[in-house]
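I opened this notebook to look up charged side chains, their partners and the open space in one protein model. My entries follow, with each term given its cut-offs where I use it for the first time.

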Amino acid sequence: MARAFLFVLDSFGIGGAADAERFGDVGSDTFGHIAAACAEGRGNREGLRSGPLDLPNMTALGLGRAARLATGFEFEANAKLRAGAFHGAAQEISSGKDTPSGHWEIAAVPVTFAWGYFPQTVPAFPASLTEAITREGNVPGILGDCHASGIEIIERFGEEHIRTGKPICYTSVDSVLQIAAHEEHFGLERLYELCKTVRRLVDPLNIARVIARPFVGESKETFERTPNRKDYATPPPEATLLDRLTERGSKVIAVGKIGDIFAHRGISEIRKGVGNMAMFDAALGAMDDAGDGDLVFANFVDFDTEFGHRRDVPGYAAALEAFDRRLPEAFARLKPGDLLILTADHGNDPTWRGTDHTRERIPVIGVVQGHRGGDIGLRPTFADIGETVAEHLGLPRGRHGASFLETIATHA
């Protein structure tokens, strides 16, 4: 038994989902389309980045081979691999293409039930729910009540929100109810309390998450969201990898929004930062502190919130390159036998129509220090990731997924 490190590049799908048609996402490919755009000059932005996508460290883990497996897309697929590297792709079996479904399945608990969703209508919320939010949340009403992207709806309703005190409530194709409110005029703690109330109100509707979206600024031109977002998620329906580890006495260090995603169940410590690079610093600190049998589970959310949803190809490309440049710092912290996995929870193709997640396969790349590594192929469920970590950390096999540890963990 050694240690395990699970890094989720939020929304970094690699296309090719077998059931993409059911979600209207046939042809979506977050990685492939970013790489193609960069190769064609459409990923350039003055002062930010230019030229072809440059990811030498993830390429050395087999990212190009994973992409070729998922879709046939060629990205330096014959590049030399790092010692101990392994590569493959995984198909999601959960019913949604959202954050909880993806992360829970990674943690070996697929979502086999149907989440509740709000219709693509205006208003989007049932009148009874709106009335209950107003009454029990002690607010004078709500604004929005529609499907929207977070930045756009704050620009549209932010000034009215400040003037009236009505929170901005909106949704998306995910199973979510988001509430945006001004940190000072409305109050951050008041927003959190309102979200807790709404969490209870939407439980009968089987809504996965209620998300607090605080912002600051005094006008449409100056509004900006703050890092004080908080997710109120429904708990997983059964014990996840995290529960199994903490019940055994191991430590699970959650970096970023992992704690919120799992309703703070199976979590020993939470560490956060503002932005991917601060999150990477937090993850490195957690790696330093992890002991034998422990798991560090980190989410890097900027890929999704700052670039995928905003359909920002140059921004997404630059974020990937910045992340890749820091990977040697993580490699340097690996001890013999340690397992590092890089993966994703869904796609969010910045070249795709709309602003929502895309149903895609995910990369499963990484290194098992001092061992052979290799090709793990196309995995039929994200749960194989969780079961591999479970076996590596000495847990009995769970109910979902199959470990690929035997394939990669023979001595070099």
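**Salt bridges**

I looked up Asp19 and Arg22 and found that their side chains meet in a salt bridge at 3.7 Å, N to O, where a salt bridge is a side-chain nitrogen of Lys or Arg within 4 Å of a carboxyl oxygen of Asp or Glu. I note that this is a predicted model, in which local features need pLDDT of at least 70 and side-chain atom pairs count only at pLDDT 80 or more, while totals for chains, interfaces and linings use all residues. Residues are numbered from 1 along each chain as its sequence is written, and side-chain values use heavy atoms, with hydrogens and water left out.

Arg22 is exposed, at a relative accessible area of 56%; buried means under 20% relative accessible area, exposed over 50%, and partly exposed in between (1.4 Å probe, protein chains only).

I then turned to Arg49, whose salt bridge with Glu321 has its closest N and O atoms 2.9 Å apart. Arg49 sits in the loop between helix 1 (30-39) and helix 2 (56-60) and Glu321 in helix 12, so this pair ties together parts 272 residues apart in sequence; helices (H or I, at least four residues) and strands (E, at least two) are DSSP runs, numbered from the N terminus. Arg49 counts as buried at 7% relative accessibility, and Glu321 counts as buried at 9%. I also recorded that salt bridges with shared partners join Asp19, Arg22, Glu92 and Arg359 into one network.

**Arg311**

I looked up Arg311 in the loop between helix 11 (302-308) and helix 12 (313-331). Arg311 is buried yet has no salt bridge, the nearest side chain of opposite charge, Asp356, being 6.5 Å away; for charge, Lys and Arg count as positive and Asp and Glu as negative, with His and the chain ends not counted.

What does the side chain of Arg311 reach at 2.8 Å? I found the backbone oxygen of Gly354 at that distance, and a polar contact with the side chain of Asn348 at 2.6 Å. A polar contact is a pair of N or O atoms within 3.5 Å; within protein, one must be able to donate a hydrogen and the other to accept it, and residues adjacent in sequence count only if both atoms are side-chain atoms.
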